Amino acid sequence: MAQRVVIDPLTRIEGHLRIELETGSKKIEKAWSETTQFRGIETIIAGRDPRDAWAFAQRICGVCTSVHAVASIVAVENAIGSNPPEQARLIRDMVMASQNIQDHVIHFYHLHALDWVNVPSAATADPQKAVDFAKAIGSTWKGNTLARMTEVRDTVKGILASGQLSIFTGGYWDHPDYRLPPEANLMAVAHYLDALEFQRSMIRIATVFGGKNPHPNFLVGGMACTIDPSHSESINEVQLDQIKQWIAESSEFVSACYVPDAMAIMGVYKDYFDIGAAQPNYLAVGMAGATYAGDPASSRLTSPYNEVKPGAIYDGDLGTVHPFDPTKIAEWVSSAWYTYEEGDIGLTPDKGETSPHYTGPKPPYEWLADGKEYTWSKAPRYDGRVVQVGPVARVILGYAQGHPATKKLVDDACKKLGIRVAQLNSTAGRTLARALECALIADILSQNTFPTFVKNIVGGDIDVFDASRWEPSSWPGQSSGFSLVEVPRGFLSHWVTIEKGKVARYQAVVPTTWLGGGRDADGKQGPYEESLAGNGKHPLVDPAQPLEPLRTIHSFDPCMSCAVHVLDPDGSDLAVVAS
Amino acid sequence: MTGSSRHRTGDAGAEVTPAAPVAAASPLGARITVLGVGNPIMGDDGVGLALLDAVRQAREGDVRGGDVREDDVRGGDVREDDVRGGGRSDDPDDPYGRVDGRRLGVSREEWLGGRLQDDTDGQVDFIDGGTGGMELLPVVQESDLLLVLDAVAGPVPGTVVHLTGDQVPRMLSTKLSPHQVGLLDVFAAARMLGTEPAMVEVIGIVPELVDLRLGLSAAVAEAVPEAAGLAAGILDQWLSTPSRACPGA
């Protein structure tokens, strides 16, 4: 009989993502992706002033605050006809770019790398060999010095000697499938620490423009930060110089450190380019950071990220890009604890309903997947298809459209690794695509968005706010709008209907719902589920140490434990439950 | 939390030892940060942010939080207390010395130079940390004295908790490479990087309902004044201690 395995929490704090697996003979046979907490932000926003909606929406997630704020504001602007000035849009682009970069770097080094990198092994490394290894993989990072590698090795030694692995505690360090040599592990740990330092540069960009961080300030109609070259309290030359430097630091880290590391580590685990495929359908509205107010065909928003057009790829056919049509988005509640007034039909988000109806077992429970409904996540589908969103979808869409920079990055990486483009649809492929995309974002930010912003200031353009639609009296009696935004984890859309100056209906369709949702009315699995159980070949050597499925799920960069963090002063073990 | 007694305080064993002075103190003295954490749309998880507001308001005559406040820019009629509220993870009080700030060519002064949220006299920063993860690392690293306001797990809702010294667990045990990073992880990271506060204290309240909704439960709301008073007392003490000029920097 199949053995049942539960991984819960998958995320550290509260574990709103839970995976249930059935395995046999070291392979995964069945998988269920379960969101175990209701997150109906929509019910909180309804009835409020739409100009305030963003302040609530950004609390959906502790990691993605800015992107939800921007998505909310753009949806409202679309509904009321507000048109933020170019400079305000560029500021939003820069805030989102810095967040995309920071998010990808943090994901790779701090949330995903330890699935591949064995920390204790680093203590046994020869520091000089670590320097040599870094050089061999093409890392030009300035931290690759003998002194630095020696320092980090000694730090790891000290941590091991103290018996407290701190944030490395509890990894499956004895798992047989850690493959990097000690010097590679040491290099990776050193870069892990460097990434912690250098994420600060990226964060600060958002802090300058948003006034604070986390939760920067945004504004319907533009931005709340004033630009005035002659005042110290506004965005001025001093700050612009700082921002330029931080952008340069971010770009350097991504190109000299992150991309070579991702290439090298995935190269060692090359079989993971054949593990963890999900449905070869991809959906994106552009490159990371692309933003549209309403239908892309009529949206006034433009940015370099729109160079890749919105579209979908079906069945891995890169020869055909299907034009994006927002009316093809629908959400099903077949496997979710919700009811729709008219039953389990796919509802478009503008008609979406959020009516919870829990039918699962009373907690604490051991197994959820026996019931037809097993998750709080709806199942979004595009044109009736399960689609992947996120870096891999964006990169593949750009590649299919022949976007030059994307094409070059992908072709070079594939050649170096000896893989086909189609193999980006895999555990390693998603992780690689994220790194490649990060290089693209950093490049556009430093070469295009920021210089354009500065050039406009020099030309006297310091307008960041469209006041014409601020007053509710200027709004239509009833209006609807939506935003389409490419955020770190994928395609995000917010949908709002405003009546008599208040939010009448609000829906957010988030990337992790696209990816982590459950089965639909046809029984088709969501991408997480498919990636684990799609072909019955996903490895799971030791159910007590489910390292392999963690690698695959983490490759999607799940964003689940958003929202709740209660300190447990005992530091009690929030561990895998394996049964 | 481990105990159920009301208003736990640090024991003698947790006494903070002065850190070895390594570099000259900043001209402004110790950097004091009050960091509220939590999610106001998750009921009592928002208590840390409610405390942040309460403490800031109590001190309004003295200092102006450098953090741009939401009511500065918001035009609607949603009250500020609708969107702020509570607490989240916690953080340790920590008696150890800083190493100098040199790493990879970035000096501590350079880090501090980028700090943007100083209040007008540089004495206290009030920061809404939300449910941020590693993006809170700079906040932690750049604080000499750090007061965290948070929801703290425990058996009796409404219990005011004061954690200090070794009561504040630095190391959170887990079996997984996480997605979401808790504040404890941020502290562990700061320690590994060798730049962390000389002193950390936590004032928290045990939540009753952590669920999707706005506002605090009655039990928790009633405990806010007491907890805010404790927090303000800690701040007063820090601000009046002569040694604050150079606790660890």
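The largest nonpolar core in this predicted model takes in 217 residues, and A:Ile91, A:Val105, A:Phe209 and A:Tyr258 have the most contacts inside it. A nonpolar core here is a set of buried Ala, Val, Leu, Ile, Met, Phe, Trp, Tyr and Cys residues joined through side-chain atoms within 4.5 Å. Buried means under 20% relative accessible area, exposed means over 50%, and partly exposed is in between (1.4 Å probe, protein chains only). Helix α8 of chain A, residues 182-210, gives the most to this core, with 16 residues. Helices (H or I, at least four residues) and strands (E, at least two) are DSSP runs, numbered from the N terminus.

Take A:Val105 as a way in. Leaving out residues up to four places away in sequence, A:Val105 touches A:His110, A:Ala195, A:Met202, A:Phe253, A:Val254, A:Tyr258 and A:Cys438; contact means heavy atoms within 4.5 Å.

Now for a polar detail. A:Arg148 sits in helix α7 (residues 146-162) of chain A. A:Arg148 is buried, at 9% relative accessible area, and its side chain makes a polar contact of 2.7 Å with that of A:Asp194. Such a contact is a pair of N or O atoms within 3.5 Å; within protein, one must be able to donate a hydrogen and the other to accept it, and residues adjacent in sequence count only if both atoms are side-chain atoms.

Zooming out, chain A has 15 helices and 12 strands, and 67% of its 579 residues count as buried. Its C-alpha atoms fill a box of roughly 65 × 60 × 55 Å along the principal axes. Among contacts in chain A between residues at least 6 apart in sequence, 74% join residues at least 24 apart.

As for confidence, chain A has a mean pLDDT of 89, with 93% of its residues at 70 or more. That score is the predictor's confidence in each residue, from 0 to 100. Two stretches to treat with care:

| Stretch of chain A | pLDDT | Contacts beyond four places in sequence |
|---|---|---|
| residues 10-15 | under 50 | 34 contacts |
| residues 561-579 | under 50 | 91 contacts |

Residues are numbered from 1 along each chain as its sequence is written, with chains lettered from A and ligands numbered from 1 in the order in which they are written. Because the model is predicted, local features need pLDDT of at least 70 and side-chain atom pairs count only at pLDDT 80 or more, while totals for chains, interfaces and linings use all residues; side-chain values use heavy atoms, leaving out hydrogens and water.
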